[in-house]
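Colleague: I would like a close look at a single helix in this model. Please take one part and go through it step by step.

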Amino acid sequence: DPETLITEEKQKVKLHKRSNKISSFLDDLGDFEDKDQIVVFGVSKQLMYLLADELTELGKKASRDKQRLYSFGMITGDQSTAQKNKTIENFQSGNIRLVLVTTAAGGTGITLTNASSMVFLQRPWSMVENQQAEARAYRIGSEIHDVVKIIDYVSKDTIEETDLVQARINKEISLQNILRDKELMKNWLNNGDVLQ
């Protein structure tokens, strides 16, 4: 900053092939039924593009009758509304099997009720963003499935395992407590403050 003469270093991380989460997901992809429609969520756009590259390569190598297993579309901040709508349409009609979604771009305002499985390669820290992402498949129209599976990929011995999962649990418990306590709920709605 020229005014304060404070230098701030910013680091940009670039992901490289192959992520342990992508490897695990691709290894598990054969365990899904061929008819399963799968939404794959991630926070990182880079991670979604790495997965897209892997799926493209697998699709090229697959026999003609197996290519649909690797067919996908994407919903990220890079696409126009028309492109996102086309991806949603293709997914909902069954023309593509997978849709790769960043939680920031696809957490609200879209319907993916054709999904029989939702995979989270990454979860956002925000409980609201998590709930909104899950709600993409849990809405009117999802009753076509007996159950919608939600699968989380969590890297062992990482902050994700030790802190993120526990933070999500704690936030959910706090929200349930707020909803049960009418006075606490009133304070929260009026002031955004639960500590009064």
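Modeller: What follows is a walk through helix H3, with a short note on a helix pair at the end. The model is a predicted one.

Helix H3 runs over residues 81–92. With 12 residues at 1.5 Å a residue, H3 should span 16 Å, and because its end C-alpha atoms are 16 Å apart, the two values agree.

Next, the sides of the helix. The buried residues of H3 are Lys-84, Thr-87, Ile-88, Asn-90 and Phe-91. These residues cover an arc of only 165° around the axis, so they lie on the same side of H3. An α-helix has 3.6 residues a turn, so residues three or four places apart point the same way. On the face of H3 turned away from the buried side sit Thr-81 and Ala-82, which are exposed.

After H3 comes Gly-94, with a positive phi near 85°.

The helix pair is H1 (residues 20–29) and H2 (residues 45–61), whose axes come within 11 Å and cross at roughly 40°. That angle makes H1 oblique to H2. The crossing of H1 past H2 is right-handed. On the H1 side, Ile-22, Phe-25, Leu-26 and Leu-29 take part in the contact. They meet Leu-47, Leu-50, Leu-51, Glu-54, Leu-55 and Leu-58 of H2.

Conventions:
Residues numbered from 1 in each chain as written. Predicted model: local features only at pLDDT ≥ 70, side-chain atom pairs only at ≥ 80, totals over all residues. Heavy atoms only, no water. Helix = DSSP H or I, 4+ residues; strand = E, 2+ residues; numbered from the N terminus. Expected span 1.5 Å × (residues − 1). Buried < 20%, exposed > 50% of the residue type's maximum accessible area, 1.4 Å probe, protein only. Arc of directions from axis to C-beta. Axes fitted to C-alpha atoms, helices over the stretch in contact; angles between N-to-C directions. Parallel < 35°, antiparallel > 145°, perpendicular 65-115°, else oblique. Left-handed = near helix turned anticlockwise from the far one by under 90°. Contact = heavy atoms within 4.5 Å.
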